[in-house]
Amino acid sequence: MNATAETSVTATTAPPEDRIPFVEEIKNLLYASKGNPISTCIQCGTCSATCPVASGGFMDNSPRRIIALIRSGFKEQVLKSNTFWYCASCYQCTVRCPRGIDIAELMYGLKRFTVWRTEHQEGLIGPTFSETFVKMIMRTGRSYEPVLATTYLFTYGLPEMILEAQTATSLMLKGRLPLLPARIKRLENFKRMIRHIIPLGDKE
Amino acid sequence: MKKYAYFPGCSLEKMAHSYHMSALETTRALGIELKELEDWNCCGATAYFHVDELLAFTLCARNLAMAEKEKLDLVAPCSGCYKNMYFTREHLKHDAGLAEHINEALSEDNLHYAGTSSVRHLIEVFVQDVGFDAIKAKVIKPLKGLRVAPYYGCQILRPRKAKEDVEQPRFFEDLISAIGAEPVDYLLRLSCCSGALIITNRRAALSMVRNLLECAVRSKAAIIATACPLCQVNLECYQKQVNREFGTDLNVPVVYFTQLVGLALGIPPKRLGIGSELVAVMPAIADAIESEPALTK
């Protein structure tokens, strides 16, 4: 019964210009997921109750609701939601889902979907942070905290900025912040390896 | 002497240098050799998986292939690195097409991964490979009376790897008992430290850190033990900001499990990186490490 209700809803609400229904698009994103498809969700809400971010009231749509919205074809609402960008990847929902759906991987899939289409909610730090991080690794092969700070610091108000600067200063004094970025030795090979996966065009 | 390819990960270079120091000191004392993987690269953290999965797998696979070349299993002290590399290995094992594609990319660096090297978390090496009895046998300064809150966090346990119990693990408590300290039971021991949300959603992150710290303190923990650099930084370095935000008065030290094991093995605090924390550790451990020699003499 669940399945018939779902197909009929998807068929009537999916915009006609879409080649494939939204729920199928999302399914295709989930390579790493070993879980069952979201069509098996029974909307019990265990994911939302167990999520430390949703239960703290920080998500505009709970994980349970996101699944319902995907299945009903509310693409716009899903993509503009902060839910997946506020997922901390704790996998509590994944291990507790009684239907064995890999919900945390679904959140990763939605992040990628909105990064590729640059259709995410305005004002989120997550997408910019992730893109900066990726570019940094492509350049050096290693992470370097001070570069990352620029992606979020300027979105803060003055009091938060000062607090963050104080924390950074304390860490610096304890020798816990790197002054120079590290880089791997076989960087040229590394960059060629990356271009094998994503053809980036010009060499840097 | 058992030997592993050691993958420190970016955090251990600086931010979590005390974890690096104490990992090397304690494993040496326990008869294990950690050989740092030469020219290792970032595992991709969570950010890479937000942008491109295939590229993230490739980054992890390069490290796996280098460990395999050395004919060693790979050990990661960071739960994030561990999770990424563990599951990359799983995907490559079960998807020949993916493995072929990634191996083509790896050949640019003259590498190939066949899937023989496995991935371990550092705490697994202590708990499973060394074992509690062997650790107990080497303890010369049991940390008597020290109330430690074992903090598992997320990615050591989750996602589930096979059919193991991810709801009621006991290995961290048992490790703390093995070094003579007292494990504290508290509700949020498996909850999330907020991970990268500390950057991408400060308000949510500080509230999660607050809940965790208050829960541990209410159970009268004198100190929190972690097995991940991100957990350590979130729980320790953001305490001041939590206090400012919520008007709390939290001041609980957060250390790596290797630092506590090291103290129990009689390694001087300085060599375990104790002194580089923002919430002082010495006041909490002074009694446990100083009273002991007097008791045994």
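Trainee: How many helices and strands does the secondary structure of chain A come to?

Mentor: Chain A comes to 11 helices and 0 strands. Read along the sequence, the pattern is α-α-α-α-α-α-α-α-α-α-α. Keep in mind that this is a predicted model.

Trainee: What is the mean pLDDT of chain A, and where is confidence lowest and highest?

Mentor: pLDDT is the predictor's confidence in each residue, from 0 to 100. For chain A the mean is 86, with 89% of its residues at 70 or more. Within chain A, confidence is lowest in helix α1 (residues 2–13), at a mean of 44. It is highest in helix α3 (residues 46–50) of chain A, at 98. Over residues 1–12 of chain A, pLDDT stays under 50, and the model has 9 contacts beyond four places in sequence for that stretch.

Trainee: What is the average pLDDT of chain B, and what does the model score as a whole?

Mentor: Chain B averages 95, and 98% of the residues score at least 70. The model scores ipTM 0.94 and pTM 0.92.

Trainee: What share of the residues is buried in chain A, and what share in chain B?

Mentor: A residue is buried if 20 or more other C-beta atoms lie within 10 Å of its own. In chain A, 34% of the 204 residues count as buried. In chain B, buried residues make up 61% of the 297 residues.

Trainee: What share of contacts comes from residues 24 or more positions apart?

Mentor: Take the contacts with a separation of 6 or more. In chain A, residues 24 or more positions apart account for 62% of them. In chain B, they account for 79%.

Trainee: Which elements does chain B have, and how compact is chain B?

Mentor: Chain B has 15 helices and 8 strands. Its radius of gyration is 19 Å, close to the 19 Å that the globule rule gives for 297 residues, so chain B is as compact as a globular protein of that length. The C-alpha atoms of chain B fill a box of roughly 60 × 45 × 35 Å along the principal axes.

Trainee: Which domains does the assignment give for chain B, and where do they touch?

Mentor: The assignment gives domain 1 (2–122) and domain 2 (132–296) of chain B. Their centres, taken over C-alpha atoms, are separated by 25 Å. In chain B, 21 residues of domain 1 are in contact with 26 residues of domain 2. On the domain 1 side, α1 (10–13), α2 (17–29) and α5 (79–94) of chain B each supply at least two residues. The largest share, 9 residues, comes from α2(B). By class, this side has 10 nonpolar, 9 polar and 2 charged residues.

Trainee: How do strands of a sheet pair, and in what order do the 4 strands of the open sheet in chain B stand?

Mentor: Strands of a sheet pair through backbone hydrogen bonds, either parallel or antiparallel. In chain B the 4 strands have the order β6-β5-β7-β8, and the pairing is parallel. The edge strands, β6 (182–183) and β8 (254–256) of chain B, each pair on one side only. Strand β5 (residues 147–150) and strand β7 (residues 223–226) of chain B pair over 3 bridges. Ala149(B) stands opposite Ile224(B) in β7(B).

Trainee: How many residues of chain B are in contact with chain A?

Mentor: 51 residues of chain B are in contact with 55 residues of chain A. Among the elements of chain B that each supply at least two residues to this side are α4 (53–69) and α11 (202–218). By class, the side of chain B that touches chain A has 23 nonpolar, 14 polar and 14 charged residues.

Methods:
Residues are numbered from 1 along each chain as its sequence is written. Chains are lettered from A and ligands numbered from 1 in the order in which they are written. This is a predicted model: local features need pLDDT of at least 70, side-chain atom pairs count only at pLDDT 80 or more; totals for chains, interfaces and linings use all residues. A residue is buried if 20 or more other C-beta atoms lie within 10 Å of its own, exposed if 12 or fewer, and partly exposed in between; C-beta atoms are placed from the backbone. Two residues are in contact if their C-beta atoms, placed from the backbone, lie within 7 Å. The radius of gyration is taken over C-alpha atoms; the globule rule is 2.2 Å times the number of residues to the power 0.38. Domain bounds come from an automatic or database domain assignment. Ala, Val, Leu, Ile, Met, Phe, Trp, Tyr, Cys and Pro count as nonpolar, Asp, Glu, Lys and Arg as charged, and the others, Gly among them, as polar. Two strands pair if DSSP finds at least two bridges between them.
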